[in-house]
Amino acid sequence: MHNPPDLSDKATAQSYLVAQRAIHRACQRYRWYDCNWLRKYSAAKELIEKLRPERLSNFIETIEPLRTGGSFTTRELRSAFDKRKLIEIRDAIKHHPIGNSSSYEKEKFGRVIVHDLPPLVDLQRDIESEISTIVGEEIESSYNFLSLYSNLGVCEPHMDSPIAKWTFDVCIEQSKVWPLYLSQVVDWPETFAGSADNWRSDIVDDPNLTFTAYNLEPGDAVVFSGSSQWHYREPLSQAGPDDFCNLLFFHFLPRGTREIARAGNWPRLFAVPELEWIVSAAALQSASS
Ligand SMILES: [Fe+2]
């Protein structure tokens, strides 16, 4: 499927228009960090429903394992990492060439991020079975990253992509506690009706959501489903220039779902080539993690 397509063909032009409308609607509805997967999923559903309705139920059912059951509750793990492990990780941070990291994150989130440092990839694999037990399903590692927040750290309300269905978030080092607020598990917000200007407060002040603050000390961790639990941190209060918070995120997804979790595979997996217009749309390619 060419992108852009041959619009001189009337049927192709009509299908392309359907895709563009679906993309536009999804972009208007979901505005938070890391929402691009949900945008693609929502637009893909709309496109399949219009062009190949007989394949919609298969698409939805195949994606189903990426959803989170409502019975899961956040698990707090005090001293998940001991002092020795924390020192090893701090050393790994110290010896990593931070300059290679993305400046985008620095400006928008007040942080530097470092993806998949080899010793941390090993550490993540080592805890897979423990995480499987906690979340109640077999999982596999997806990716990990260190998030080195400065005093300008920002973490607005959002949900993660299901590629990061499960998160093990551990505090490595900090100048002061930076509470993490987590909602209960909810359905994917496919019908989110927040306004363009007030979508943040529409989430945080939603009376149907119950946010709980988690105050992690170095070594403490929390396990949650970031793709079905809203989460955010308030700006560091009264932060001075030397304040910081170094966090490590291990992300997991259900074992065997890596292929369906990648939207780029959907046109082939579901034999709907027009989905290529959605999964490769420029509007849906911004950075996420
Ligand atoms: Fe997140």
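The centres of domain 1 and domain 2, taken over C-alpha atoms, are 27 Å apart. The model is predicted: local features require pLDDT of at least 70 and side-chain atom pairs count only at pLDDT 80 or more, while totals for chains, interfaces and linings use all residues. Residues are numbered from 1 along each chain as its sequence is written.

The bounds of the two domains come from an automatic or database domain assignment.

| Domain | Residues |
|---|---|
| domain 1 | 10–67 + 260–284 |
| domain 2 | 75–255 |

Across the boundary, 14 residues of domain 1 are in contact with 16 residues of domain 2 (C-beta atoms, placed from the backbone, within 7 Å). On the domain 1 side, α2 gives the most, with three residues. By class, that side has nine nonpolar, one polar and four charged residues (Ala, Val, Leu, Ile, Met, Phe, Trp, Tyr, Cys and Pro count as nonpolar, Asp, Glu, Lys and Arg as charged, the others, Gly among them, as polar).

Helix α2 (residues 36–51) and helix α3 (residues 56–63) have axes that come within 9 Å and cross at roughly 155° (helices are DSSP runs of H or I, at least four residues, numbered from the N terminus; axes are lines fitted to C-alpha atoms over the stretch in contact, with angles from 0 to 180 degrees between N-to-C directions). α2 is therefore roughly antiparallel to α3 (angles over 145 degrees). Tyr41, Lys45, Ile48 and Glu49 of α2 meet Leu56, Phe59 and Ile63 of α3. These contact residues comprise five nonpolar, no polar and two charged.

Ala44 touches Trp266, Leu275 and Ile278, leaving aside residues up to four places away in sequence.

How values were computed:
Helix = DSSP H or I, 4+ residues; strand = E, 2+ residues; numbered from the N terminus. Parallel < 35°, antiparallel > 145°, perpendicular 65-115°, else oblique. Contact = placed C-beta atoms within 7 Å.
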